[in-house]
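Me: I have a structure to go through. Could we look at it together?

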Amino acid sequence: MILAAVAVPLTLLITTNIGLNAVFTIVTMFTPVQFSYGQVSGKIIGAPIKISNVTLIHTGRTLKIENVTFDWQLKALTANNIRGLEQFLPYASKVAYQEFLINKAYAQINFKENSLVFNVQLFGQAAQAPLHGNVRLTNHNSMWDINHAVLMIGDNVINLQRHNVKQYKWNITIKQPNVMFKNSTGTIIAHGHIQDLNTTPSIQAHVQTKHFAMSNYAVNNLQARVNLVIQPSAPLFANITASNVRFDATHLEDIKLSLHGDLAQHTLNFNAMYENEPVALHIKGRLNEKMWHAHDLMLGYKKEQLVGTSTYNLKDRSSTTSLRGSIATFPTTAVLKFT
């Protein structure tokens, strides 16, 4: 009797459309994302699940999907006409992305021992340029891993490939930025590798830009070589130059930035021209546990300068800076605190 009392409602739950709707009603009550939908058909076991007019709202951002189908027998998930994806891209609050329309997203799901493998393909458009993406994801023992990811939008290509167990290679080619970012021109060519993200992360990058501009930002003829390894004695290196950089109303020319040393002792030098006058920043720093110290800091403009020290707490992201001197006839002996 007890077994029957448990088995009958459980069978109805997983083999009927009524049971499926009950599950979705419960999900919408407890999910941290605001979730709504039109109609649901199918069964948890026995027939493909189809959901129409799906809306997901999270932190003021909205993703809408016309319909979603999950086929248990084919182990496949299909979604059509996805809108609002650009709101969830990195730095979406600061970067004016074009609207991305995903006409179709298709995911093949393979179940293996202690792991899931997702092969995802995207087909759509951005600013009337064709969009195609392919991602292979693996979840092994509750840990996610990206095997490869490729996104092509018009003449732009973003590519991430696993090179070996610890290392990824990446390439970015932006030759048609206006189909990705509003009010943008120019080109970006970049490549490098990243590795050991979970232990001692490192990144190597080579970046070139020509006449790149986007909304209130612009950088021309940038050349950058960066090699950063987050290990106590590993060398840090960066060499960045640009003919001019503009952000909002600030315009810098003849930019040169260099970094060398290691985490325990490193030096950063920055030089540029601002309103036809030289600007310089010189820092000697060290990283100790979760605290970065700049024990020798100098900021110069024209023939005047500020000198002092600075600390930055990587854990709570707070900083304290002590400066003395004057710039543009404004004397200061101050301690600045930022949280």
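Me: How do strand 13 and strand 15 pair?
Reply: Strand 13 (residues 202-214) and strand 15 (residues 223-229) are antiparallel, with seven bridges between them. Strands (E, at least two residues) are DSSP runs numbered from the N terminus, and two strands pair if DSSP finds at least two bridges between them. Please note that this is a predicted model, in which local features need pLDDT of at least 70 and side-chain atom pairs count only at pLDDT 80 or more, while totals for chains, interfaces and linings use all residues. Residues are numbered from 1 along each chain as its sequence is written, and side-chain values use heavy atoms, with hydrogens and water left out.

Me: Which residue in strand 15 is the bridge partner of I203?
Reply: The partner of I203 there is L228.

Me: And what joins strand 15 to strand 16?
Reply: A hairpin of six residues joins them. Strand 15 also pairs with strand 16 (residues 236-247) in the antiparallel sense, over five bridges. Within strand 16, F237 is the bridge partner of N227.

Me: New topic: where is E66?
Reply: E66 lies in strand 4, which covers residues 61-71.

Me: Why is E66 called partly exposed?
Reply: Because its relative accessible area is 41%; buried means under 20%, exposed over 50%, and partly exposed in between (1.4 Å probe, protein chains only).

Me: What does E66 touch?
Reply: Leaving aside residues up to four places away in sequence, E66 touches I51, S52, N53, N80 and N81, where contact means heavy atoms within 4.5 Å.

Me: How far apart are E66 and A79?
Reply: They are 13 residues apart in sequence, and their C-alpha atoms are 7.6 Å apart in space.

Methods: Helix = DSSP H or I, 4+ residues; strand = E, 2+ residues; numbered from the N terminus.
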